[in-house]
Amino acid sequence: VGVIGFLLPGRVILDSSGINSKEVAALRRGTVEDDPQWSRDVVQRLAPDYIATATAYLHIGTLAGEPWFTREYERIPLPLIEHDGQVIFRRRDRAQ
């Protein structure tokens, strides 16, 4: 996340492994952790340029298989971080 933020200033990055913003905390308030709807709400409302997450967080396995998500985001293949259970997605309209 730090590298993306440094090299691409001004981009919105959702880092589910980091400290949640007050916007994310508000969207999660009163939700059930097992329900992926809160994750959909976070991604759809915040529309981040990048999503950096552990595969165990943000219901990313579910979201990554949903048509709306695959239309809007692409996975950036980074074998070193994937080995550690991390993934990064980039908003398709931000692809360079």
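This is a chat about how one protein chain is put together.

Me: Hi! What kind of model is this, and how are its residues numbered?
Reply: Welcome! It is a predicted model, where local features need pLDDT of at least 70, side-chain atom pairs count only at pLDDT 80 or more, and totals for chains, interfaces and linings use all residues. Residues are numbered from 1 along each chain as its sequence is written, and side-chain values use heavy atoms, with hydrogens and water left out.

Me: Okay, how many helices and strands are in the protein chain?
Reply: The protein chain has six helices and four strands. Both are DSSP runs numbered from the N terminus: helices are H or I with at least four residues, strands are E with at least two. Starting at the N terminus, the order is α-β-α-α-β-α-α-β-α-β.

Me: And how much of the chain is buried?
Reply: Of its 96 residues, 34% count as buried. Buried means under 20% relative accessible area, exposed means over 50%, and partly exposed is in between (1.4 Å probe, protein chains only).

Me: Which strands does E4 pair with?
Reply: Strand E2 (residues 50-54) pairs with E4 in the antiparallel sense over five bridges. Strand E3 (residues 73-76) also runs antiparallel to E4, joined by four bridges. Two strands pair if DSSP finds at least two bridges between them.

Me: Which residues stand opposite each other there?
Reply: Tyr50 stands opposite Arg90 in E4, and Ala54 stands opposite Gln86 in E4. Arg90 also has Glu74 opposite.

Me: Is E2 mostly covered or exposed?
Reply: E2 is mostly covered, with five of its five residues buried. Tyr50, Ala52 and Ala54 point one way, while Ile51 and Thr53 point the other way.

Me: Switching topic: how many residues are in the largest nonpolar core?
Reply: The largest nonpolar core has 14 residues, and Val43, Ile51, Phe69, Tyr73 and Phe89 have the most contacts inside it. Such a core is a set of buried Ala, Val, Leu, Ile, Met, Phe, Trp, Tyr and Cys residues joined through side-chain atoms within 4.5 Å.

Me: Which elements give two or more residues to this core?
Reply: They are helix H2 (22-28), helix H3 (37-46), helix H4 (60-63), helix H5 (67-72) and strand E4 (86-91). H3 gives the largest share, three residues.

Me: What does Phe69 touch?
Reply: Leaving out residues up to four places away in sequence, Phe69 touches Val43, Ile51, Ile60, Leu63, Ala64 and Phe89. A contact here means heavy atoms within 4.5 Å. Phe69 itself is buried, at 1% relative accessibility.

Me: How many aromatic pairs are there?
Reply: The count comes to three aromatic pairs. Trp68 and Phe69 are an edge-to-face pair, because their ring centres are 5.6 Å apart and their planes lie at 85°. Phe69 and Tyr73 have ring centres 5.0 Å apart and planes at 25°, so that pair is stacked. The rule is that rings of Phe, Tyr and Trp (its six-membered ring) pair if their centres lie within 6.5 Å; planes under 30 degrees apart count as stacked, over 60 as edge-to-face and the rest as tilted.

Me: Which residues form the aromatic cluster?
Reply: Trp68, Phe69, Tyr73 and Phe89 form one cluster. Trp68 is buried at 12% relative accessibility, and Tyr73 is buried at 2%.

Me: Now charges. How many salt bridges does a search of the whole structure find?
Reply: The search finds five. A salt bridge is a side-chain nitrogen of Lys or Arg within 4 Å of a carboxyl oxygen of Asp or Glu. One of them joins the side chains of Arg28 and Glu33 (2.2 Å, N to O). Arg28 is partly exposed at 25%, and Glu33 is partly exposed at 44%.

Me: What about Arg91 and Glu72?
Reply: Their side chains meet in a salt bridge at 3.3 Å, N to O. Arg91 lies in strand E4 and Glu72 in helix H5, so the pair ties together parts that are 19 residues apart in sequence. Arg91 is buried at 15%, whereas Glu72 is partly exposed at 30%.

Me: And which residue does Arg92 form a salt bridge with?
Reply: Arg92 forms one with Glu74, their closest N and O atoms being 3.9 Å apart. Salt bridges that share partners join Glu74, Arg90 and Arg92 into one network.
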